[in-house]
Amino acid sequence: AVGTAAVLSSCGTAPADTAEEGNVFIAASLKNVMEEAEKVFESENPGINIIYNADSSGTLQKQIEEGADCDIFFSAAKQQMDELSAQGYIEEERDLLENKLVLIKTKGAQTEVTGFEMYARKVFEKLGNLDSVMSGTVNECVNVTAVLSAVSEGANEIGAVYKTDAASSDDKVDIIAEATDDMLDEPVIYPVGLVKNKITGEEV
């Protein structure tokens, strides 16, 4: 969290004595850690209030493209950042974090699923069993926070989320398996970017 707060400071936010707000769009899986980063950042920069908008990276990308007020975009994948950068929305960016994809179940619940061989789309495609997975009852939630909630509450038997999500609710879910590097085409990298106004070319 401290390291993430340092990134907020270095990504073009205003001096502490200007009493301004910083609009930070974050992938849903970052919500818990960013709440901690917010405390650190605002304690060191009392003139700035951080306002978070947490959702899926694709939804946040669309909001930025539609003109939403965003200063910093923290994506859970490079695709959305690369597309925004290509369109001229990003002033500068850097790869900051790496996460892992895990399979979870409700804490203490029983399931016959023991690993990804039976159950997260890219992993299933890589394993060649997407069709068999999709033939079952699948609830494709809007983002990983929704998946975590569904499994935590027992509404879904199992779900695929990021490891940070599972760690934030280790009293409600158990990790069944963690995706290995050979199950994915590329690592789960979280890039952060400074958003600029596409028309004027200046930072928002």
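Trainee: Fine. Which parts have the lowest and highest confidence?

Mentor: This is a predicted model, and the mean pLDDT of its chain is 80, with 75% of the residues at 70 or more. Confidence is lowest in helix α1, residues 2–10, where the mean is 50. Helix α3, residues 57–65, has the highest, at 95.

Trainee: Where does pLDDT stay under 50?

Mentor: One stretch is residues 1–5, for which the model has 10 contacts beyond four places in sequence. Another is residues 10–17, with 16 such contacts. Where pLDDT is low, the predicted coordinates should not be read in detail.

Trainee: OK, the sheet. What order do the strands come in?

Mentor: The order is β2-β1-β3-β8-β4, five strands in an open sheet with mixed pairing. β2 and β4 are the edge strands, each pairing on one side only. From one strand to the next, the twist averages 20 degrees.

Trainee: How many bridges join β1 to β2?

Mentor: There are 8, and the two strands run parallel. Within that pair, Val 24 stands opposite Tyr 52 of β2.

Trainee: And which strands does α2 touch?

Mentor: Helix α2 packs on the sheet and touches β1, β2 and β3; its direction makes about 175 degrees with that of β2. Helix α4, residues 78–86, also packs on the sheet, touching β3, β4 and β8. The direction of α4 makes about 175 degrees with that of β4.

Trainee: Next topic. Which residues touch the most other members in the largest nonpolar core?

Mentor: That core has 19 residues, and the ones touching the most other members are Val 24, Ile 26, Leu 30, Met 34, Phe 74, Tyr 162 and Tyr 190. At least two residues of this core come from each of β1, α2, β2, β3 and β8. Another core lies apart from it, with 10 residues, including Phe 25, Leu 60, Ile 64 and Met 81.

Trainee: I clicked on Ile 72. Is that one buried or exposed?

Mentor: Ile 72 lies in strand β3. It counts as buried because its relative accessible area is 2%, and the cut-off for buried is under 20%. Ile 72 and Glu 92 are 20 residues apart in sequence, and their C-alpha atoms are 10.0 Å apart in space.

Trainee: What about Asn 99, buried or exposed?

Mentor: Asn 99 is in strand β4, and with a relative accessible area of 6% Asn 99 is buried too.

Trainee: Which side chains does its side chain make polar contacts with?

Mentor: One is Thr 164, at 2.9 Å. Another is Tyr 190, at 3.0 Å. Leaving out residues up to four places away in sequence, Asn 99 touches Tyr 162, Lys 163, Thr 164, Val 188 and Tyr 190.

Trainee: Last one, helix α7. Which of its residues are buried?

Mentor: In α7, residues 144–152, they are Val 144, Val 147, Leu 148, Ala 150, Val 151 and Ser 152. Among the elements covering them are β5, β6, α8 and β7.

Trainee: What happens at the start of α7, and what comes just after it?

Mentor: At the start, a side-chain oxygen of Asn 143 reaches to within 3.1 Å of the backbone nitrogen of Thr 145. Just after the helix, Gly 154 takes a positive phi of about 85 degrees.

Definitions and conventions. Residues are numbered from 1 along each chain as its sequence is written. Side-chain values use heavy atoms; hydrogens and water are left out. A nonpolar core is a set of buried Ala, Val, Leu, Ile, Met, Phe, Trp, Tyr and Cys residues joined through side-chain atoms within 4.5 Å. Buried means under 20% relative accessible area, exposed over 50%, partly exposed in between (1.4 Å probe, protein chains only). Helices (H or I, at least four residues) and strands (E, at least two) are DSSP runs, numbered from the N terminus. Two strands pair if DSSP finds at least two bridges between them. Axes are lines fitted to C-alpha atoms, for helices over the stretch in contact, and angles run from 0 to 180 degrees between N-to-C directions. Contact means heavy atoms within 4.5 Å. pLDDT is the predictor's confidence in each residue, from 0 to 100. A polar contact is a pair of N or O atoms within 3.5 Å; within protein, one must be able to donate a hydrogen and the other to accept it, and residues adjacent in sequence count only if both atoms are side-chain atoms.
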